[in-house]
2 protein chains.
Amino acid sequence: MKVFNEETIKNTYKMSNAMHDIEQLFKNMDGISQAQRIVIPTGDGAKSMLYMPCVHTEWERGMIKITSITPDNPQHQRPTTQATIIITDLKTGEHVASIDGSYLTRLRTGALSGLATQYLSRENASTLGMIGTGGMAFEQLLANLEVRPIKNVLLYNRTTSKAESFKKRVADAFPDLSITVVEDVDTLTKQADIINCQTQSADPVFDAQNIQPGTHINGIGSYRPDMKELDNRILPKADKVFFDDIEGVKEEAGEFIEANEKGLFKFEDVDGDLKDLSLNGTIQRSHDDSITVFKCVGTAYFDLAVALGAYDRLMADSH
Amino acid sequence: MKVFNEETIKNTYKMSNAMHDIEQLFKNMDGISQAQRIVIPTGDGAKSMLYMPCVHTEWERGMIKITSITPDNPQHQRPTTQATIIITDLKTGEHVASIDGSYLTRLRTGALSGLATQYLSRENASTLGMIGTGGMAFEQLLANLEVRPIKNVLLYNRTTSKAESFKKRVADAFPDLSITVVEDVDTLTKQADIINCQTQSADPVFDAQNIQPGTHINGIGSYRPDMKELDNRILPKADKVFFDDIEGVKEEAGEFIEANEKGLFKFEDVDGDLKDLSLNGTIQRSHDDSITVFKCVGTAYFDLAVALGAYDRLMADSH
């Protein structure tokens, strides 16, 4: 079994690769077979182990992502979430590789937002507002930069000093970007063409009243019924609402579960999933002034797409 | 993540270690939390991926065993079953090791039979009859040798040439043993003090009529409802019947599911599980002439016991 650490993967496998590989999988979904995610609590609160297996019978490969959630880790300068992905060659039955899954998870989640932005946002969107500047934010930024001519980035975080640190990191990587930390989220909401939310907030992180016509919103933070970062009062005003995976959102996305219960938005009215967007391949908004929303919770077949793509490139590099 | 291959593990971790570590776990079962085994079919017939996760919250460690079943592998000189075990440190959340799981699975299954033999068979049992000489057989032999003064080994296999090959392997490892390949299973049944069955047969591999008073039987082969290697007509004559894990046997052991349906044996009449035997610590048979039966299907916490035990010894060796 080969072991690939995060640094090696980062040097080999980029955002454009991840977006490409996820779109390739959308053309080959028949081979996908995945089991319900397993969660085993391992301590207080959210402390747990997550196991997400998925196979592709036509491609004759399978993988499982193994994730530990250790809530008190930040106090010890360790990440809360740590993942590894084990790849199995189904032709021989051999377990061929262990690939660090933390960067790949951030990258695939970024890639999902990137694809949503590509197929839902205005083509000339140039101002990106980011709400939440934690561990998932950098790859969310990368994804939006990949598909739209972003010039201005507005950053909001509950703890402003963290937004400032993130600003430095972004400025180092992209010196041509104009980057502004805002103290008031409404400033961001009113200016952004694209709003990308990556928090685990139990309450809405913006006010739907302040969303401007023409805005596209990506919500990737809420992944449990008690998490509700998107203000679901935006949904009745939305021209298009897409999910990464409809079954996952129904089970896990708190703001949508609440909206469905309250009648603000019915699950059966969803316009489709990311696969539909990708296979259609054109921008799905009625007007420049339309509001569009994408909600992402993640599911194992996206991990499979990037894990196999990364593995192939890593193996090609090592020859 | 450290990777340990089969050769390294074999040199470090032996049958006596596995039996010891499983008995240690029996004294610390409160910390065990495991999810239902996941099976994803990956092709025709039995071709599949199996995922068996288990954590020990008090010991602050978790593991998952990932197993591929590739039925046409023997045609390509590869094993049908290939397993790897990933260990996670729950204190830090780090995925610390990948340990080859094929030898460890054979070893732990042997250790379970060894413990059953230790606590159920006659103390002076000296003749071991083995039915089935396939991939699991060698560690089954090792386990019985570990706990009883075995002098004679009788081998039966449907394909006699395979029993002859196995005999050579055993003779090389244990030159003092008297080893006989029998063509007729009744010869074995009538002479053996302990009968150890490791086949995946859909039909009984011995005739209950021929089982002699005082015999102990270990059945480790049947692990699906359609597998019935033990002749369940022996059960009404049995003094004691123990399972490795009661819930597992109810779900998976074909001959017991059938016996329960036919009324030959009721699950509620089981005398206990291997933990009960181990914690009691004395031989559980009423007389020298009693017949005792142990049925094993395997479950994830046994894998956890040997995986953590092997990991600790491997790490100690590497310092």
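The legends below describe close-up views of a predicted model.

**View 1. A:Phe256 and A:Phe265 form an edge-to-face ring pair.**
Over all chains, the count of aromatic pairs comes to 14. In the pair shown, the ring centres of A:Phe256 and A:Phe265 are 5.8 Å apart and the planes stand at 85°; an angle over 60 degrees counts as edge-to-face, so this pair falls in that class. A:Phe256 is buried, at a relative accessible area of 1%. A:Phe265 is also buried, with a value of 7%.

**View 2. B:Phe243 and B:Phe265 form an aromatic pair in chain B.**
Centre to centre, the rings of B:Phe243 and B:Phe265 lie 6.1 Å apart, and the angle of 65° between their planes makes the pair edge-to-face. B:Phe243 belongs to strand β13 (residues 240-243) of chain B, while B:Phe265 is in the loop between α8 (254-262) and β14 (272-273) of that chain. The pair therefore ties together parts that are 22 residues apart in sequence. Both B:Phe243 and B:Phe265 are buried.

**View 3. An arginine sits over a phenylalanine ring in chain A and in chain B.**
In chain A, A:Arg169 lies over the face of A:Phe138, 3.9 Å from the centre of the ring. In chain B, the charged end of B:Arg169 is placed over the ring of B:Phe138, with 3.9 Å to the ring centre. B:Phe138 is one of the buried residues of α4(B).

**View 4. Helix α4 of chain B is largely enclosed by the rest of the structure.**
This helix spans residues 137-147, and eight of its eleven residues are buried, which is why it counts as largely enclosed. The buried residues include B:Ala137, B:Glu139, B:Gln140 and B:Leu141. Further along α4(B), B:Ala143, B:Asn144 and B:Val147 are buried as well.

**View 5. Eight strands of chain A make an open sheet with parallel pairing.**
The strand order is β10-β9-β8-β11-β12-β15-β13-β14. At the edges are β10 (178-181) and β14 (272-273) of chain A, each of which pairs on one side only. Strand β9 (residues 152-156) of chain A runs parallel to β10(A) and is joined to it by four bridges. A:Leu154 has A:Thr180 as its bridge partner in β10(A). Helix α4 (residues 137-147) of chain A packs on the sheet and touches β8 (127-131), β9, β11 (194-197) and β12 (216-219) of chain A. The direction of this helix makes about 160° with that of β8(A).

Methods
Residues are numbered from 1 along each chain as its sequence is written. Chains are lettered from A and ligands numbered from 1 in the order in which they are written. This is a predicted model: local features need pLDDT of at least 70, side-chain atom pairs count only at pLDDT 80 or more; totals for chains, interfaces and linings use all residues. Side-chain values use heavy atoms; hydrogens and water are left out. Rings of Phe, Tyr and Trp (its six-membered ring) pair if their centres lie within 6.5 Å; planes under 30 degrees apart count as stacked, over 60 as edge-to-face and the rest as tilted. Buried means under 20% relative accessible area, exposed over 50%, partly exposed in between (1.4 Å probe, protein chains only). Helices (H or I, at least four residues) and strands (E, at least two) are DSSP runs, numbered from the N terminus. A charge sits over a ring if NZ of Lys or CZ of Arg is within 6 Å of the ring centre and within 35 degrees of the ring normal. Two strands pair if DSSP finds at least two bridges between them. Contact means heavy atoms within 4.5 Å. Axes are lines fitted to C-alpha atoms, for helices over the stretch in contact, and angles run from 0 to 180 degrees between N-to-C directions.
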